[in-house]
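Let's take a walk through this protein together. Have the sequence and the 3D view at hand as you read.

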Amino acid sequence: MIPASARPVLGPPPRYFALRIGLLFCAPLIVNGFAMPYFPVWLNGLSMSDFEIGVVLAVPMFIRVITAPLAGVLADRLGERTIVLIWSACLSLALAFVLFFAKDFWPVLVIYALQSAAYSPYLPIVEAIALSGVRRWGFDYAQMRVWGSIAFIGATMLGGWMTGLIGGAMVLPAMAAGFGLTVAMACAAPRIGRPRRPSPITAITEAPPQSLRQPDLQLLLIGVTLVNSSHAMLFAFSAIYWQQIGYSGTQIGALWSAGVAAEVLMFFFAKAITRRFSVWTMIFSGCLLAVARWLIFPMDLGFTGYFVLQCLHAFTYAIMHTGMQHKLVERVAEEQEASAQGLYFFYTGIFTAIFTFLSGYFYAWFGVAGFYSMSVVALCGCCFAYAGWYLQPHRLGSGGKTSEAS
């Protein structure tokens, strides 16, 4: 929350701003709730190999790293960001209908990549509009964002139930319906004019400021984003694996929902946690539990065991992400906030794309044992994060030795 004294007087906010932003978050996260768990199931139903599935999921991630910043620059320079939002939603919906006619690897890859390029700026622009509301009128970001997470949980549960009824054939209609909602919500989005500060994704188009080039901060960013990217095989192949070992669509939806629900609860209690534990404790707990999570995943856990393991997402993403954000606030000036978030987006996108591509190989070669490779990725992330901690300026005295103040 921004103190009232620190906010310029800008007139009243658009009517029902918080409600409209909450609904605006719901629409894209409904799409993600259908696509993330079940789009790989649809690809598997087309008799694609594990390698081909990995390629179809990875290529759009590389493209998004390029297209999202470019669309963000355009949105920030236009008089109204919702123009890009509407175009993004309409193009995504049109390509969703085209995807119905694709049945082979190359057509699916090309159409899905184009759709991802069109869709890539939607959620970041929603985030940017929401944050403008926080800065200008003091709205509570968490109260608006949480409805998107609730919508994601609802979509994964509904998608699981529908998968149990009609299989992977439900995926494209469900995604198309979700994209239809993104069009409707984009048209209803609050118009707030040109941003006073650039969106985070636009900062990738410029060189990072000097404060972000510090070795310890770069190492920490690489470490945390490597741990984030270790979730790549979970996103690509967990639903396929759980389906192969006999879990129903409803059970798969429950497992996916458990991870998001745990993440939401962790964010809800994040303020209390940051008062009790240090930022480094938060970051390293997430790193180490990610290593353990992927070591345990290939074991025969049963539904209850996987449910508990999914709840670790509260640590392997939410608490670590919260700690990273606090570290960026501590080390980076406010006017460089967009650059910091842009660099965070860039590293996460690139590493996740790389390991999603490689997960197709690992899952094809080793099956569920391929998750051990994600444990290695998380361990590498731990090492980079530890190097970032070790090289902190306040830990080093003259000659590079640890100062007594540490």
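This is a predicted model: local features need pLDDT of at least 70, side-chain atom pairs count only at pLDDT 80 or more; totals for chains, interfaces and linings use all residues.

Residues are numbered from 1 along each chain as its sequence is written, and side-chain values use heavy atoms, leaving out hydrogens and water.

Let's begin with the salt bridges (a side-chain nitrogen of Lys or Arg within 4 Å of a carboxyl oxygen of Asp or Glu). The count comes to 3. In one of them, Asp216 pairs with Arg331, with the closest N and O atoms 2.4 Å apart. Asp216 belongs to helix H8 (residues 215–229) and Arg331 to helix H14 (residues 313–331), so this pair ties together parts that are 115 residues apart in sequence. Helices here are DSSP runs (H or I) of at least four residues, numbered from the N terminus. Asp216 is buried at 5% relative accessibility, and Arg331 is buried too, at 18%; buried means under 20% relative accessible area, using a 1.4 Å probe and protein chains only.

Helix H14 also holds both Lys327 and Glu330, 3 residues apart, about one turn of the helix. Their side chains meet in a salt bridge (3.0 Å, N to O).

Another salt bridge joins Glu127 and Arg145 (3.7 Å, N to O). Glu127 sits in helix H5 (residues 122–137) and Arg145 in helix H6, so the bridge ties together parts that are 18 residues apart in sequence.

Notes:
Helices (H or I, at least four residues) and strands (E, at least two) are DSSP runs, numbered from the N terminus. Buried means under 20% relative accessible area, exposed over 50%, partly exposed in between (1.4 Å probe, protein chains only).
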